Amino acid sequence: MSLGRTRSVALSGLEGRIVEVEADLASGLPYFAVSGLPDAACAQAPARVRAAVTNSGLPLPGQRILVNLSPASLPKTGARFDLAIAMAVLAASQTVPPEEVANAVHLGELGLDGTVRAVTGVLPAVLAAEAAGIRTVVVPLANGPEAALVDGMTVLAVNDLTEAVQQHRARHRGVPLEPREMPLPGRRSDQSPPDLADVAGQDEARVALEIAAAGGHHLAMIGPPGAGKTMLAERLPGLLPTLNRDAALEATAVHSVLGELDGRLLIDRAPFVAPHHGASMTAIIGGGSGRVQPGAVSRANHGILFLDEAPEFRRDVLDALRQPLEGGLVRIARGDRVVSYPANFQLVLAANPCRCGKRYGSGAGCTCSPVVQRTYLAKLSGPLMDRVDLQLSVFPVTRAALRSEPGESTAVVAERVAAARELQGRRWAGTPWATNSQVPGSILRERNWRLPATETRMLDRALERGSLTLRGYDRCLRVAWTVSDLGGRERPTSDDLLRALALRGAVSEAA
Ligand SMILES: [Zn+2]
């Protein structure tokens, strides 16, 4: 009996768990099987490994080969364990130095000719290896750049099985081979985003966008087609600070699982994700047959989820947004287990005032039935809109505004946003919150943060009269703190509260 072992990684969501891969060679009739909860694709690994090893001109022991993947409780999906299985077998037969192979994580699918094919989820898998104290990973060449994003990791990116064997042999001799040249990254994520200076007029909307960026507030824009809602939304990511290292790695990891990196390196700018209103629950929230895939809410993690024509989205989809909005992640049940993905996004909703889009100003020309007029925006009200601090009306730009001087550029506004974020970071240090939008209203109303009654008088009266709900009151407080931060003030004044009040409730008013 001879034993070979190495390691690989199984993913559940973005969470990777180390899988021990053991190959046992015994005499007897030729036989090759994989145990340890493989799915159909993983259970077919012996056929691929046998062909790949033989076609690479490497010796395959003609004996009983049993490969076990543990822990057995963890589902092993797809062909991503092929390379690890082949290496464990080759280590058992002393074709590769067993101690080199044992200390490395192997990821990759094998082609029948011995090619090591790219797999999804390499970045989260390498992060898991790093967390487990493993320092060497062998990955498909195409996945090399994303694996190399993890600090302190020796990445052996290989084109085929023979190269992987040569790498291990060379390292064993103490003369590691020159690292293979990694494929050049294609489209970089840091292409400059569209500029705010392109937006003519729209002074109020520009202010709202700046406040949304500064405080991380969810934003709804109600207005007719052609008012520039999409154009405004697309300019929000450019106003946001660059992602810190951990956030960037997490954002990149989601796209790695989806196989959507396209050779990009680190995604360190806030992603902008705009699913179509006809998109399915799976496309928005995540799921799917086979492996549970992240949806749009997770692709928008650390960035913007933009729902254009929001009332046209399916009601169950809109309702399902509440879980990620509350907890920053989605949980998807699959059989007896639950897969979770991060979904910490800033929501931007855009909606026409009614189905035909003409119900603004005098409302002349609106062809919607009275029922549609009443119910169109109502689909957005309730628990979802309770979380949207900024709700504003957007109108088509006037001719005069089109002729006016261009507004401030993204760079200028982003600087104020960064300064406001710094103030918030200092204020909320040591709390679970980083931005004003995350702070519960009850905290802002309690002793430490309560504003003088002279400043809140207007708001208090609106609350007493019933023209403002307590939730609306809290939204005003959060926004007012951000307005104050943008102005570099110690705490909000009555003017800041007035501005916040003006940016509240366009949806509830219109509905
Ligand atoms: Zn209408």
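Visitor: What makes the arrangement around the zinc ion tetrahedral?
Guide: The angles do. The four donor atoms subtend 107 to 112° around the zinc ion, which makes the arrangement tetrahedral. Four donors count as tetrahedral if all angles lie between 85 and 135 degrees.

Visitor: What kind of model is this, and how are residues numbered?
Guide: The model is predicted: local features need pLDDT of at least 70, side-chain atom pairs count only at pLDDT 80 or more, and totals for chains, interfaces and linings use all residues. Residues are numbered from 1 along each chain as its sequence is written, and side-chain values use heavy atoms, with hydrogens and water left out.

Visitor: Back to zinc. Which residues are its protein donors?
Guide: Cys-354, Cys-356, Cys-366 and Cys-368, each through its SG atom. They lie 2.2 to 2.4 Å from the zinc ion. A donor is an N, O or S atom within 2.8 Å of the metal (3.2 Å for Na, K and Ca); water is not among the atoms, so sites may look incomplete.

Visitor: What spacing do the donors follow along the chain?
Guide: C-x1-C-x9-C-x1-C. Cys-354 and Cys-368 are 14 residues apart, and each sits in the loop between strand S17 (346–351) and helix H16 (370–375). Helices (H or I, at least four residues) and strands (E, at least two) are DSSP runs, numbered from the N terminus.

Visitor: Is Cys-354 buried or exposed?
Guide: Buried, because its relative accessibility is 0%. Buried means under 20% relative accessible area, exposed over 50%, and partly exposed in between (1.4 Å probe, protein chains only). Cys-368 is buried too, at 14%. Cys-356 is partly exposed, at 26%.

Visitor: How many disulfides are there?
Guide: The count is zero. A disulfide here is a pair of cysteine sulfur atoms within 2.5 Å.

Visitor: New topic. How many residues of helix H3 are buried?
Guide: Eleven of its eleven, spanning residues 82–92. Among them are Asp-82, Met-87 and Leu-90. Gln-94 follows H3, with a positive phi near 65°.

Visitor: Asp-82 is charged. What does Asp-82 form a salt bridge with?
Guide: Arg-48, with the closest N and O atoms 2.6 Å apart. Asp-82 is in H3 and Arg-48 in helix H2 (residues 45–55), so the pair ties together parts 34 residues apart in sequence. A salt bridge is a side-chain nitrogen of Lys or Arg within 4 Å of a carboxyl oxygen of Asp or Glu. Asp-82 is buried at 1%, and Arg-48 is buried at 14%.

Visitor: Why can such side chains pair?
Guide: Side chains of opposite charge can pair when their charged atoms come close.

Visitor: How many salt bridges does the count come to?
Guide: 20. One of them joins Arg-427 and Asp-485, at 2.3 Å from N to O. Arg-427 lies in helix H19 (residues 410–427) and Asp-485 in helix H22, so parts 58 residues apart are tied together. Both residues are buried.

Visitor: And where is Asp-389?
Guide: In the loop between helix H17 (383–386) and strand S18 (390–393). Asp-389 is buried, at 3%. Its side chain makes a polar contact of 3.0 Å with the side chain of Arg-478. A polar contact is a pair of N or O atoms within 3.5 Å; within protein, one must be able to donate a hydrogen and the other to accept it, and residues adjacent in sequence count only if both atoms are side-chain atoms.

Technical notes. Tetrahedral: all angles 85-135°; square planar, octahedral: opposite > 155°, others 65-115°.
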